[in-house]
Structures are given as C-alpha cells and as structure tokens.
Amino acid sequence: HHVIDGATNISVTLRDGTSYDATLVGSDAELDIALLTIEADVKLTAAVFGDSDKLRIGERTVAIGNPLGQLGGSVTEGILSALNRDVVIDDQTMSLLQTDTAINPGNSGGGLFDSYGNLIGIVNAKSSGSEVEGLGFAIPINDVINVIGDLSEYGYVRGRVALGMTFIDVDSEQLAWMYGLKETGCYIYSVDSGSNADK
C-alpha cells in the first residue's frame with residue numbers, strides 16, 4: 001500500500017523488462033497491501049503461496065525485489081529471526097516476520113520466499129540507521145491471503161471501521177492547557193476530508 005499510495009499511474013515491469021499499465025483493484029493501509037491487476041499478452045507463472053503459520057525461527061529466507069528502484073530481480077538470502085515481531089510503522093503496530101535477509105529501499109512489495117521457493121511474506125520495512133544492519137521485515141503471507149479475497153471482490157477489506165478521525169488523549173492538566181482546553185479527556189484532533197466522520 002505505501003508504495004502506490006497517492007499514485008496516479010502504476011506500472012508493473014517484468015524481469016525481461018516488459019512493462020504493463022496496472023490497475024489498482026484495492027489496497028489496505030492497515031496491512032500495507034495493495035492488489036494490482038495487469039493485462040499481460042503472455043502467460044505468466046504465479047508464485048506458490050507457502051504457509052507462514054508453519055515457519056520456524058532459523059529457516060532460510062530469500063528476498064527478491066527492486067532495491068534502490070534500479071536493480072530489479074535482485075536476490076538476497078538470510079534466516080528468519082522472529083515470526084511475530086511487533087513493529088511500529090507510521091504510528092501503527094504490525095506483527096511481522098523478521099529476517100536478516102538484506103532489505104533495501106525499493107524492496108517493499110517484493111516477495112520473501114522460503115528455501116523451497118514458496119512465497120511466505122511480502123517485504124514492507126527495514127530498520128535503518130548507522131548502527132543497524134540485518135533488520136528486515138515482511139508481512140506474513142497468511143495475513144495477506146486473508147485480505148486479498150476482500151480486495152479482489154470489494155476493493156477494500158470488509159469489517160474494518162474507518163471513521164476518518166484522529167484522536168488525542170489529553171491526560172494531564174499541562175497538556176490540556178497547551179491545547180487551550182479546560183478538562184482532560186479524549187478529544188477529536190482532526191477529521192479527514194471526505195471520510196465517514198466528515199459526512
């Protein structure tokens with residue numbers, strides 16, 4: 001989702017360099033997944049889904065992606081370090097696979113595979129910094145499978161409430177004073193334009 005969020009044109013480029021215009025079927029910011037479709041003029045080979053619930057720490061992993069947006073088809077190898085690592089990304093906690101497989105900018109949306117070539121995750125994040133190495137993260141494929149049916153059929157994930165409001169917890173008199181409020185409590189900080197709350 002974060003790769004195509006706000007895009008006006010989306011294209012998919014195959015390993016041989018052939019590029020196709022893509023249509024966004026639907027996306028889910030909570031899981032950070034987007035479902036695209038293309039009209040290819042050749043038969044394409046689909047990836048085989050693995051079972052991320054059966055993974056074990058220490059298993060080999062392979063990431064295939066487009067690091068730096070220029071090195072399509074790059075392959076890196078490592079091991080699974082954690083299966084349900086809670087990681088905060090854009091103020092949202094996600095339960096992700098952790099791997100020391102090299103993940104670089106541009107790898108987001110690429111596949112994380114097991115040693116048998118089964119797709120076990122979708123790469124979506126890495127920890128960065130001068131003292132950080134080997135901290136890559138992927139969305140478990142079973143979580144992805146659970147939402148792509150809804151994205152395919154409805155264009156969104158059913159059962160998720162999206163009010164379109166941002167709240168702030170004013171839990172001290174000092175914070176209340178800073179916001180010009182007389183009492184502590186939970187306040188509506190903003191309302192997204194066009195959201196359910198706005199309507």
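In strand β5, the bridge partner of T61 is G78, a handy starting point for a walk through this predicted model. T61 belongs to strand β4, which spans residues 60-65. On its other pairing, T61 stands opposite D114 in strand β7. T61, A63 and G65 make up the covered face, whereas R60, V62 and I64 lie on the uncovered one.

Attention now turns to the aromatic rings. A search of the whole structure gives two aromatic pairs. In one of them, the ring centres of Y154 and Y156 are 6.1 Å apart and the planes meet at 50 degrees, so this pair is tilted; the tilted class lies between stacked, under 30 degrees, and edge-to-face, over 60. Both partners are partly exposed: Y154 has a relative accessible area of 34%, and Y156 reaches 46%.

The other pair, Y179 with Y189, is edge-to-face, with 6.4 Å from centre to centre and 85 degrees between the planes. This pair links distant parts of the chain, ten residues apart. Y179 sits in the loop between α2 (173-178) and β11 (185-191), and Y189 lies in strand β11. How exposed are these two residues? Y179 is partly exposed, at a relative accessible area of 39%, whereas Y189, at 53%, is exposed, because the exposed class begins over 50%.

Terms used:
Residues are numbered from 1 along each chain as its sequence is written. This is a predicted model: local features need pLDDT of at least 70, side-chain atom pairs count only at pLDDT 80 or more; totals for chains, interfaces and linings use all residues. Side-chain values use heavy atoms; hydrogens and water are left out. Buried means under 20% relative accessible area, exposed over 50%, partly exposed in between (1.4 Å probe, protein chains only). Helices (H or I, at least four residues) and strands (E, at least two) are DSSP runs, numbered from the N terminus. Two strands pair if DSSP finds at least two bridges between them. Rings of Phe, Tyr and Trp (its six-membered ring) pair if their centres lie within 6.5 Å; planes under 30 degrees apart count as stacked, over 60 as edge-to-face and the rest as tilted.
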